[in-house]
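Open the model in your viewer and keep the selection tool at hand. We will go stop by stop.

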Amino acid sequence: MSKWLNPRSAFGLTLIIVALLALPFVAALGGQAWVRILNFAILYVFLALGLNIVVGFAGLLDLGYIAFYAVGAYTYALLASPHFGLHWPFWVILPCGAAIACFFGVILGSPTLKLRGDYLAIVTLGFGEIVRIFMNNLNAPINITNGAQGITLIDPVAIGDLRFSTTTHILGVSLSGPQKYYYLLLALAILVIVINLRLQNSRIGRAWQAIREDEIAAKAVGINTRNLKLLAFAMGASFGGVAGGVFSAMQGFVSPESFSLIESIMILAMVVLGGMGHIPGVILGAVLLSILPEALRYGVGPIQMAVFGKMLVDPESLRMLIFGLALVLVMRFKPAGLWPSPERKRAAPAAGASHG
Amino acid sequence: MQAKLSVVALSIASVFALSACGEKEAPKPVEAPPAAAPVAPPPKPEVTVKLGHVAPMTGPQAHLGKDNENGALLAIEELNAQGLEIGGAKVKFELLAEDDQADPKQGTIVAQKLVDAKVNGVIGHLNSGTTIPASKLYSDAGIPQISGSATNPKYTQQGFKTAFRVMANDIQQGKALGEFAAKQGVKTVAIIDDRTAYGQGLADEFKKGAEANGLKVVATEYTNDKATDFKAILTKIKSKKADLVFYGGMDAQGGPMAKQMADLGIKAKFLGGDGVCTPEFMKLGGAATEGHFCSLPGMPLEKLAKGPEFKDKFVKKFNGEIQLYAPYVYDAVMVMADSMKRANSVEAAKFLPEIGKTNYDGVTAKITFDEFGDLTGGAISVYQYKGGKLEYVTTVGAPVDVAKAEVKEAVGEVKEAVKAVAGAAAEAGKDAIKAGADAVKDAAEATKAAVEKK
Amino acid sequence: MDIFLQQIINGLVQGSIYALVALGYTMVYGIMGLINFAHGEVVMIGTLVTISVAGFLIKAGMPVMFAGLAGLTVSVLVCMALGWGLERVAYRPLRNAPRLTPLITAIGMSIVLQNVAMIIWGRNYLTFPALLPSVAFEFAGAHFTAVQVIIVLVSALTMLALLFLIYRTRLGMAMRATSQNPAVASLMGVNINRVIAAAFIIGSALGALAGVMVGTYYEIAHYQMGFMLGLKAFTAAVLGGIGNLAGAMLGGILLGLIEALGAGYIGDLTGGFLGSHYQDIFAFLVLIVVLMFKPSGLFGEKTGDRA
């Protein structure tokens, strides 16, 4: 925290804030699609920071994180769509979604407390799939989630008459739907970052760190590992829940196929690629991995045309190929992530020794 | 009863189609030369009409995505060759093809991209799962969207004025297949679906249709769209002694499923929707697909005047067979261009109202839309896999009111219909002639009955 | 009753396939504590290479059986090279990195392999040539084919061969030593690099074998076929206790049986509420319950702290 408070950093911080506020207008020059891509990037920052609490802080390998995102998204969808005829305002639903996801976090977390490492990974993966499969099938005998057909016509976020789905003109500036969501997401993301920073340097954060480094030693010094692990699951889950709610509102449609295992893996990749446990690193990872595939989508085709004069390989397959290669290469040359935390960098070489 | 009436309606439609086409085809070559020779530069203004096309180009459905895109490309090429003039300007069509990876999130991103690119219209998406969230964006931007393959009823039920489809939706198809199953003398059916929006929707509607026709559903089983092993559920179905197994899902699962049915010694017939009506299904299912049934919306290509021609063109251009939805996507592009012609404008706001009034004679059907943007008439043709080929069996299903409206004309024209159907059937082979003849006989009876009722 | 027997056969065959793939996972994991997420992709490459080679030879007029054997040989060789390359490029440089790092490279490699396969073999589903004559048997109302019998036999024999390798050969001894403590093993003169490379090569050869079996059984292949298969097999390996060869085998068969019987009976028992749409859940639920009571899987030894 203290790093942010000295005057030089304060100037830097102001600069960053101004840049962030101006960003959607700069991006809009390239088309609203870029604003939308930015929005998804922030959404992933959000998710990655949530997962970072579980994986980065507490060291619990969670491969089913997307389940909480799904729970949040469905909470929003059910409470603000014609499906049940409910139209609650978003500021009621988002906390609800967070609470329900948090509850799920505890439920799913409690049976896994004894498990370590890879066993934990496969069980959380299983939970993630179970949640998705239930959402896919709970249209009978009672229609709760509407099954694979998903829920349509979800209300957009609205403050009074200001609906986030349409373009409005404020003080001569026209603000498109995606741009408004950008600011909402930015505000939420800053909130999450602040919570993360505070957590990291609190008693809880240090206790998590102790569990991550050596659970038995942590227990020995009197840390209640069970409660703290549950807390990590619960906190991570609630962030996922909020992110899911915003996703639902932004898309206007949810269906179970948005919550597949590959999404969980993607978010984990963001955390690890950026630098586990290090907040700026995780943000970097999330932004990179969510924008890279999109940037490649625009870049791969034209470059091939320029270099070879024709399309040798379908741009779409090349895009994913480059994405995969990027994952491998970054990990090869920066095993602790692109922007690891200082102490982790030091600890990195020793970590291998635990492979007993 | 409805089904029989619809046969009449369709036979008539095909007669009209034949005659109408003959007339329409003629002027085209006359128009073509000026376009083919752009050397002499006419001082006319040229406008570029950008049409967005979205389908998965990566992932398990990539082969269908490519097929859709090919359908659209063929249409665009032909439109450009025609050298259309709309609103006094020469029109050049351009396709902006995007990949949504069959992922709803990608679906909205690429939709936004197309909105930004100010496309005049959108063709697609392929999957209902991406079409539905994207339709909101197009609706907000006032961009007309015609999907050639999204069959989920919800797509057009959202109340968007911009959403259309040139394919029967799952409700129409499921209902028609229920009727067909009943006609086959089947008493008990087992239903499997793949838990996707498409498969589930189709299976649910089939169930309703089957039960409405007095069939007993003895088992309802499920799989998923990535599965390869179906023996457990098929074994269960075997124990329930179903006469027919209905599958709501795609070819990649349907083919192996048919094979595994044979392995387990299940004698029941297999019936599926458009998702399994592909060459891929027969390739994957091999000999085990022989004698099974599937359905496609609209009339068979061979039966429609423009069909065989389209097929030839497609095969020649892309050096491969039509997979599935290419003709529908082709029609979707043509309908959009046709509306522009009628509105004499390429601006979305101007030609959008014209899409609703479409009365276009496409390669897949005579296309008109109801108030929701769904294809009216929604005829469904059933095919049988025979000797590695799809053979046309019959056409079922069309709303009663449409059929009734046509009854009057029908009486007078049954004779012509007989000729038309028989003529068309001759191309398809001996068996089909018989089927066609039967259909016509049915049609005649039905018409008689309907008239008497009146 | 014939249905029950049929479901057992279904489960046994499906389970043997899981087991064959799970052996590959467990082989690598047992020695270096690494989840080789790309193993499913190795299986996929194995299947696709066989299709190309056998398809080409059959077209060239070679008898189907020989073409199949040639395809199998080539695909085993290709996969061995692939396994060696994977280890060299993606895992060896990371041996001392934080534990999640190789997991991400594995995911990256898996994406790379899928897309390379898509570029080479295209996006469409491919049909696998029928390599074995389709001989069908009927026993007490249950149907099964020669292919199914062969799959069960192959996976059982493979497991036995692996057990022999691990417990009766010098290489096996070196592997066990490496798995116990790499540092000490290397002091004792074990060439760690070579042992780990050997584990990858053998694991990948098994992957190729599994790929050919899967192809022969279902007669279809696709560039994304490896993912789900890998996941299920990995679940099986964990269920049996990852790192334990016999455990992987039993875990695989158990998983197959659970899926078949679950799909076959639970629907009726719960009045259609929990039908076959929850097939994938049964497997995970059993896994979770087993791990709650035996946190190292059914047959896993109590390893120390892997995390």
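How many residues does the contact take from chain A and from chain B? It takes 25 residues from chain A and 24 residues from chain B. Here, two residues are in contact if their C-beta atoms, placed from the backbone, lie within 7 Å.

Before moving on, note that this is a predicted model: local features need pLDDT of at least 70, side-chain atom pairs count only at pLDDT 80 or more, and totals for chains, interfaces and linings use all residues. Residues are numbered from 1 along each chain as its sequence is written, while chains are lettered from A and ligands numbered from 1 in the order in which they are written.

**Chain A against chain B**

Select the side of chain A that touches chain B. H3(A) supplies the largest share, five residues. Helices (H or I, at least four residues) and strands (E, at least two) are DSSP runs, numbered from the N terminus. Color this side by residue type: seven are nonpolar, 15 polar and three charged. Ala, Val, Leu, Ile, Met, Phe, Trp, Tyr, Cys and Pro count as nonpolar, Asp, Glu, Lys and Arg as charged, and the others, Gly among them, as polar.

**Chain A against chain C**

Now turn to chain C. This contact takes 42 residues from chain A and 44 residues from chain C. On the chain A side, H6, helix H11 (261-274), H13 and helix H14 (342-351) each give two or more residues. That side divides into 27 nonpolar, ten polar and five charged residues.

**A helix in chain C**

Select helix H2 (residues 39-59) of chain C. Of its 21 residues, 15 are buried, so H2(C) is largely enclosed by the rest of the structure. Buried means that 20 or more other C-beta atoms lie within 10 Å of a residue's own; exposed means 12 or fewer, partly exposed in between, with C-beta atoms placed from the backbone. Step past the helix to Gly61(C), which follows H2(C) and has a positive phi, near 100 degrees.

Two strands pair if DSSP finds at least two bridges between them.

Walk across the sheet:

- E1 (residues 46-55) and E4 (residues 121-124) of chain B pair in the parallel sense over four bridges. Leu51(B) stands opposite Gly121(B).
- E4(B) and E5(B) run parallel, joined by two bridges. Val122(B) stands opposite Gln145(B).
- E5 (residues 145-147) and E6 of chain B run parallel, with three bridges. Ile146(B) has Phe164(B) as its bridge partner.

**The core**

Finish with the largest nonpolar core, which has 340 residues. Such a core is a set of buried Ala, Val, Leu, Ile, Met, Phe, Trp, Tyr and Cys residues joined through C-beta atoms within 7 Å. Those with the most contacts inside it include Tyr44(A), Val333(B) and Leu23(C). Helix H3 (residues 32-57) of chain A brings the largest share, 20 residues.

Last, click Val333(B). Among the residues it touches are Leu51(B), Ala72(B) and Ile123(B), not counting residues up to four places away in sequence.
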